[in-house]
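Dear colleague,

My notes on what was found in it follow directly after.

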Amino acid sequence: MVGPMSSEERSEGALKIKLAGTLIVGASMGLITLQGDVPLWVTGVAVLAGLVVGAALVWFVFPGTGEVQSRAGRRR
């Protein structure tokens with residue numbers, strides 16, 4: 001039987017999801033420039049801008065680190 005995820009595993013998983021989301025946004029902005037007739041440096045700038053925008057978007061959507069606090073000791 002599989003036990004619950006440890007805090008380290010949860011943090012690693014959250015980091016991987018955040019990095020993947022950032023890379024997807026950056027790559028998509030670069031791919032959009034390939035549809036037009038633009039120089040290669042413009043595509044590079046678009047990818048860098050996409051990575052910045054993607055990082056900000058991921059930070060806004062997933063602000064925490066993935067850690068979960070236990071409520072076992074709390075009383076109502």
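**Findings**

Ile17 lies in helix 1. This is a predicted model, and every value below is computed from it. Ile17 is exposed, because its relative accessible area is 53%, over the 50% cut-off. Ile17 and Phe62 are 45 residues apart in sequence, yet their C-alpha atoms are 9.5 Å apart in space.

**The chain as a whole**

The secondary structure of the protein chain comes to 2 helices and 0 strands. Of the 76 residues in the protein chain, 16% are buried. Among contacts between residues at least 6 apart in sequence, 74% join residues at least 24 apart.

**Helix 1**

Helix 1 has 27 residues and covers positions 7-33. From its first C-alpha to its last, helix 1 reaches 40 Å, close to the 39 Å expected at 1.5 Å a residue. The buried residues of helix 1 are Ala14, Lys18, Thr22, Val25, Gly26, Gly30 and Thr33, and they pack against helix 2.

Thr22, which lies in helix 1, deserves a separate note. Thr22 counts as buried because its relative accessibility is 15%, under the 20% cut-off. Leaving aside residues up to four places away in sequence, Thr22 touches Gly50, Leu51, Gly54, Ala55 and Val58. Thr22 and Val53 are 31 residues apart in sequence and 7.9 Å apart in space, C-alpha to C-alpha.

**Helix 2**

Helix 2 spans residues 40-61, a total of 22 residues. Its reach from first to last C-alpha is 31 Å, close to the 32 Å expected at 1.5 Å a residue. Within helix 2, the residues Thr43, Ala46, Gly50, Gly54 and Val58 are buried. Seen down the axis of helix 2, these buried residues fall within an arc of 100°, so they line one face of the helix. The face turned away from that buried side carries the exposed residues Trp41, Leu48, Val52, Trp59 and Phe60. Against what do the buried residues of helix 2 pack? They pack against helix 1.

Thr43 is found in helix 2. Thr43 is buried because its relative accessible area is 10%, under the 20% cut-off. Apart from residues up to four places away in sequence, Thr43 touches Gly30, Thr33, Leu34 and Val38.

**How the two helices meet**

Two packed helices are described by the angle between their axes and the distance between the axes. Here, the axes of helix 1 and helix 2 come within 7 Å and cross at roughly 145°. The crossing of helix 1 and helix 2 is right-handed. On the side of helix 1, the contact is made by Lys18, Gly21, Thr22, Leu23, Val25, Gly26, Met29, Gly30 and Thr33. On the side of helix 2, the contributing residues are Thr43, Ala46, Val47, Ala49, Gly50, Leu51, Gly54, Ala55, Leu57 and Val58. By class, the contact of helix 1 with helix 2 has 10 nonpolar, 8 polar and 1 charged residues.

With kind regards

Conventions
Residues numbered from 1 in each chain as written. Predicted model: local features only at pLDDT ≥ 70, side-chain atom pairs only at ≥ 80, totals over all residues. Heavy atoms only, no water. Helix = DSSP H or I, 4+ residues; strand = E, 2+ residues; numbered from the N terminus. Expected span 1.5 Å × (residues − 1). Buried < 20%, exposed > 50% of the residue type's maximum accessible area, 1.4 Å probe, protein only. Arc of directions from axis to C-beta. Contact = heavy atoms within 4.5 Å. Axes fitted to C-alpha atoms, helices over the stretch in contact; angles between N-to-C directions. Left-handed = near helix turned anticlockwise from the far one by under 90°. Nonpolar A, V, L, I, M, F, W, Y, C, P; charged D, E, K, R; others polar.
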